[in-house]
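Morning, everyone. I have one structure to walk through today. Let me put it up.

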Amino acid sequence: MNKEEMNKKYEHIYNKACEYLDNEFSKNICDFKNDKCGEKRNMKSCVGCCRKYKNKLLGPFAIGDNWKDCEYLENKKCSVKNIGCKLFTCDYLHSKGIKFKIKDIPVLQEFNLIQKIIIKSKVQAPQEVVIKKLLFWRNRNIYLILLILVIIMFLYFF
Ligand code: SF4
Ligand code: SF4
């Protein structure tokens, strides 16, 4: 399969996984009422989990209000597709026993370990950015294994 065909295949898988997760969230598992989700019910903010740190370096240790809305949040909706974001479940959802994992979504089993890590960790980014990374790492499991071996050898001998 050439790169263009792989790109189309990945787009298809990506969309299927998004559809699955969108369908789960469409059941109002976040318990939105008056524009506030369950997690934010008694808080000032109306923005559920679509926020990021202003100061990325210091993160939770920065002084003052270190939060800003995600740039892809438009009119209270996400303007991009991101599986990592859709997989996120907060404490409120955990308290309801809801957690989404890559291993529970059959279409995502097509991807190798590194690609799964990318899917999970590359949040707050458009679909095309994630797919570009997935394409780059499609046959690179072996490189990761080699890298781990080198690190282990380095730690062992030095
Ligand atoms: S995942 Fe949690 S924080 Fe995000 S919208 Fe749902 S209830 Fe709110
Ligand atoms: S990219 Fe993620 S954090 Fe940003 S608006 Fe979309 S779902 Fe929310």
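First, the ground rules. This is a predicted model: local features need pLDDT of at least 70, side-chain atom pairs count only at pLDDT 80 or more, and totals for chains, interfaces and linings use all residues. Residues are numbered from 1 along each chain as its sequence is written, while chains are lettered from A and ligands numbered from 1 in the order in which they are written.

Now the fold. The protein has 6 helices and 4 strands. Those are DSSP runs numbered from the N terminus: helices are H or I with at least four residues, strands are E with at least two. The order from the N terminus is α-β-β-β-β-α-α-α-α-α. Along the principal axes, the C-alpha atoms fill a box of roughly 55 × 40 × 30 Å.

How much of the protein is buried? Of its 158 residues, 11%. Buried means 20 or more other C-beta atoms within 10 Å of the residue's own; exposed means 12 or fewer; partly exposed is in between; the C-beta atoms are placed from the backbone.

Next, the core. The largest nonpolar core has 11 residues, including Tyr-10, Ile-83, Phe-111 and Leu-134. Such a core is a set of buried Ala, Val, Leu, Ile, Met, Phe, Trp, Tyr and Cys residues joined through C-beta atoms within 7 Å. Helix H1 (3-25) and helix H5 (127-136) are the elements that give it two or more residues. H1 has the largest share, with 4 residues.

On to H5. Its buried residues are Val-130, Ile-131 and Leu-134. They sit on the same side of H5, because they cover an arc of only 100° around the axis. That arc is taken from the directions from the helix axis to the C-beta atoms. On the other side, Glu-128 and Phe-136 are exposed.

Last, the ligands. Which residues are around ligand 1? Among them are Cys-30, Cys-37, Cys-49 and Cys-90, along with Glu-39 and Lys-40.

By class, the shell of ligand 1 holds 6 nonpolar, 3 polar and 2 charged residues. Ala, Val, Leu, Ile, Met, Phe, Trp, Tyr, Cys and Pro count as nonpolar, Asp, Glu, Lys and Arg as charged, and the others, Gly among them, as polar.

Definitions and conventions. Near = placed C-beta within 6 Å.
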